[in-house]
Amino acid sequence: MTAYVVFTREWTTDAAELKLYGEQAPAARVGHDMTPLAFYGPLEVLEGAPVEGCVILAFPSIAEARGWYDSPIYQAAREHRLKGADYRVFIVEGVDAG
């Protein structure tokens, strides 16, 4: 079942660290079946606290999403994201379209 990793950037604390994250994170895509569905495009918050940006990545399964997230390459890049901004990140399983 398709799984989605959703990132919401709540606020930036260090733009230089986010720049490093943006330079390093793409290398973690290699070998992972990932489809970006949304990537910091225009957004409108309808309820709740404001967010600066949002990313939605699709994977064939939760296991494959975790494989990407837990990979050493992504975990190294993640350190810069954690230093650069406050995020909320979660994985959600999709529903069967049939």
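Two rings of Phe, Tyr or Trp form an aromatic pair if their centres lie within 6.5 Å, and planes over 60 degrees apart count as edge-to-face. The exercises below apply this to a predicted model, which holds eight aromatic pairs.

**Exercise 1.** Work out how the rings of Phe-7 and Trp-68 are arranged, and where the two residues lie.

*Solution.* Begin with the geometry: the ring centres of Phe-7 and Trp-68 are 6.2 Å apart and the planes stand at 80°, so this pair is edge-to-face. Next, place the residues in the chain, where Phe-7 belongs to strand β1 (residues 3–12) and Trp-68 to helix α2 (residues 62–69), 61 residues apart. Finally, consider burial, for which the cut-off is under 20% relative accessible area: Phe-7 has 3% and is therefore buried, and Trp-68, with 4%, is buried as well.

**Exercise 2.** Determine which parts of the chain the pair of Phe-7 and Tyr-87 ties together.

*Solution.* The centres of Phe-7 and Tyr-87 are 6.2 Å apart with 90° between the planes, an edge-to-face pair. Because Phe-7 lies in strand β1 and Tyr-87 in strand β4 (residues 85–93), the pair joins parts that are 80 residues apart in sequence. Ring pairs also link both residues into a cluster that includes Trp-68 and Tyr-21.

**Exercise 3.** Decide how helices α1 and α3 are oriented to each other.

*Solution.* Helix α1 (residues 15–24) packs against helix α3 (residues 72–84) at about 155°, with the axes 7 Å apart. Angles over 145 degrees count as roughly antiparallel, and α1 and α3 are therefore roughly antiparallel. The residues of their contact comprise six nonpolar, three polar and four charged.

Definitions and conventions:
Residues are numbered from 1 along each chain as its sequence is written. This is a predicted model: local features need pLDDT of at least 70, side-chain atom pairs count only at pLDDT 80 or more; totals for chains, interfaces and linings use all residues. Side-chain values use heavy atoms; hydrogens and water are left out. Axes are lines fitted to C-alpha atoms, for helices over the stretch in contact, and angles run from 0 to 180 degrees between N-to-C directions. Helices (H or I, at least four residues) and strands (E, at least two) are DSSP runs, numbered from the N terminus. Angles under 35 degrees count as roughly parallel, over 145 as roughly antiparallel, 65 to 115 as roughly perpendicular and the rest as oblique. Ala, Val, Leu, Ile, Met, Phe, Trp, Tyr, Cys and Pro count as nonpolar, Asp, Glu, Lys and Arg as charged, and the others, Gly among them, as polar. Rings of Phe, Tyr and Trp (its six-membered ring) pair if their centres lie within 6.5 Å; planes under 30 degrees apart count as stacked, over 60 as edge-to-face and the rest as tilted. Buried means under 20% relative accessible area, exposed over 50%, partly exposed in between (1.4 Å probe, protein chains only).
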